[in-house]
Amino acid sequence: MKTEKKGWKEIPIAGVCWKPSTEYLTGDWKTYKPVRDPEKCKLCLLCVIFCPDGAIHWKPEENDLEFDYNFCKGCGICANECPFKAIEMKL
Ligand code: SF4
Ligand code: SF4
């Protein structure tokens with residue numbers, strides 16, 4: 001049966017995806033997820049800056065952070081960069 005899908009050789013160089021990145025929930029790529037210990041967290045917000053996926057949100061109205069597991073890919077950068085060791089990567 002012939003497929004209508006293009007092979008990789010037929011796709012133009014620098015082809016652009018037609019969906020915005022917000023429509024791709026990439027969070028299921030992860031094996032480990034970051035879990036923050038609010039007792040250790042000093043709200044320095046370094047993890048927000050370091051997260052390459054913008055998956056940690058500062059919520060000023062709650063004076064707190066929130067991990068968006070729909071987009072967190074489990075890279076562990078936040079846990080590595082937290083100066084207070086307040087984030088642990090868990091299964
Ligand atoms: S880097 Fe660590 S201490 Fe700073 S806000 Fe993030 S979890 Fe809290
Ligand atoms: S594990 Fe990676 S993607 Fe997930 S919140 Fe931390 S820095 Fe962001």
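Okay, ligand 2 to start: this is a predicted model, and in it 14 residues surround that ligand. The closest are Cys51, Cys72, Cys75, Gly76 and Cys78. If you sort the shell by type, you get 10 nonpolar residues, two polar and two charged.

Now, onto the surface. Which residues form a nonpolar patch there? They're Leu46, Ile49, Phe50 and Ile77, and together they put about 340 Å² of accessible area on show. Helix H1, residues 46-50, is the main contributor to that patch, giving three residues. Take Phe50, which sits in helix H1. Buried or exposed, or something in between? Its relative accessibility is 36%, so Phe50 counts as partly exposed.

Where is Asn63? You'll find it in the loop between strand S2 (56-59) and strand S3 (64-67). Asn63 is partly exposed, at a relative accessible area of 48%.

The other is Lys85. Phi is near 50 degrees for Lys85 too, again a positive value in a residue other than glycine. Lys85 is in the loop that runs between helix H2 (77-81) and strand S4 (87-90). With a relative accessible area of 54%, Lys85 falls in the exposed class, because the cut-off for exposed is over 50%.

Okay, that's my tour.

Definitions and conventions
Residues numbered from 1 in each chain as written. Chains lettered and ligands numbered in written order. Predicted model: local features only at pLDDT ≥ 70, side-chain atom pairs only at ≥ 80, totals over all residues. Heavy atoms only, no water. Helix = DSSP H or I, 4+ residues; strand = E, 2+ residues; numbered from the N terminus. Buried < 20%, exposed > 50% of the residue type's maximum accessible area, 1.4 Å probe, protein only. Near = heavy atom within 4 Å. Nonpolar A, V, L, I, M, F, W, Y, C, P; charged D, E, K, R; others polar. Patch = residues over 30% accessible without salt bridge, like charges linked within 9 Å, V, L, I, M, F, W, Y side chains within 5 Å. Areas by Shrake-Rupley, 256 points an atom, 1.4 Å probe, with all protein chains shown as cover. Salt bridge = Lys/Arg side-chain N within 4 Å of Asp/Glu carboxyl O.
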